[in-house]
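Hi,

Here is the structure I said I'd pass on. Have a look, and my notes follow below.

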Amino acid sequence: MTMIKKKRSAILVAVVDDDESVRESLPDLLREFGYSARAFASAEEFLRSNALKRAKCLILDVTMPGMSGPDLKRELERRGVRTPIVFITAHAESVTQSGVGDEAVSCLIKPFSDTALHAALKKALAA
């Protein structure tokens with residue numbers, strides 16, 4: 001009798017960022033780290049997706065047109081969704097203005113290193 005090993009499905013990390021270059025590059029990097037990844041151009045697009053219930057961690061841009069990263073976090077909390085979040089931003093001043101620093105597991109300033117992102121994801125998933 002041969003036993004077939006069941007392939008473990010990778011942890012899904014959702015990336016929500018209006019910057020197309022981030023949506024194209026981050027999922028590739030996340031897959032290199034061993035995660036499954038899906039990218040969304042807006043918070044609203046993410047909320048309409050099936051990733052809402054499947055994602056084990058979110059990487060959210062702080063400043064986006066429409067619903068911002070902190071707005072999305074508050075909407076998820078309102079819905080009872082407690083997915084850990086790593087905020088990212090190109091504007092360091094937006095971290096203090098939005099109060100994100102207190103709300104996130106981590107907040108990375110673009111451009112950030114692969115190592116910093118990997119560490120932030122590990123911290124978020126352990127939380």
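Contacts between residues 24 or more positions apart make up 61% of those in the chain with a separation of 6 or more, a contact being heavy atoms within 4.5 Å. Keep in mind that this is a predicted model, where local features need pLDDT of at least 70, side-chain atom pairs count only at pLDDT 80 or more, and totals for chains, interfaces and linings use all residues. Residues are numbered from 1 along each chain as its sequence is written, and side-chain values use heavy atoms, with hydrogens and water left out.

The chain has 7 helices and 5 strands, in the order β-α-β-α-α-β-α-β-α-α-β-α along the sequence. These are DSSP runs numbered from the N terminus: helices are H or I with at least four residues, strands E with at least two. Of the 127 residues, 43% are buried (under 20% relative accessible area; exposed is over 50%, partly exposed in between, with a 1.4 Å probe and protein chains only).

The part I looked at is helix α7, residues 114-126. Its 13 residues reach 18 Å from first C-alpha to last, close to the 18 Å expected at 1.5 Å a residue (1.5 Å times one less than the number of residues). Which residues of α7 are buried? Leu117, Ala120, Leu121 and Ala124. They sit on the same side of α7 because they cover an arc of only 100° around the axis, taken from the directions from the helix axis to the C-beta atoms. Those buried residues pack against β1 (12-16), α1 (20-32), β3 (57-61), β4 (85-89) and β5 (106-109). Thr115, Lys122, Lys123 and Ala126, on the other side of α7, are exposed.

Cheers
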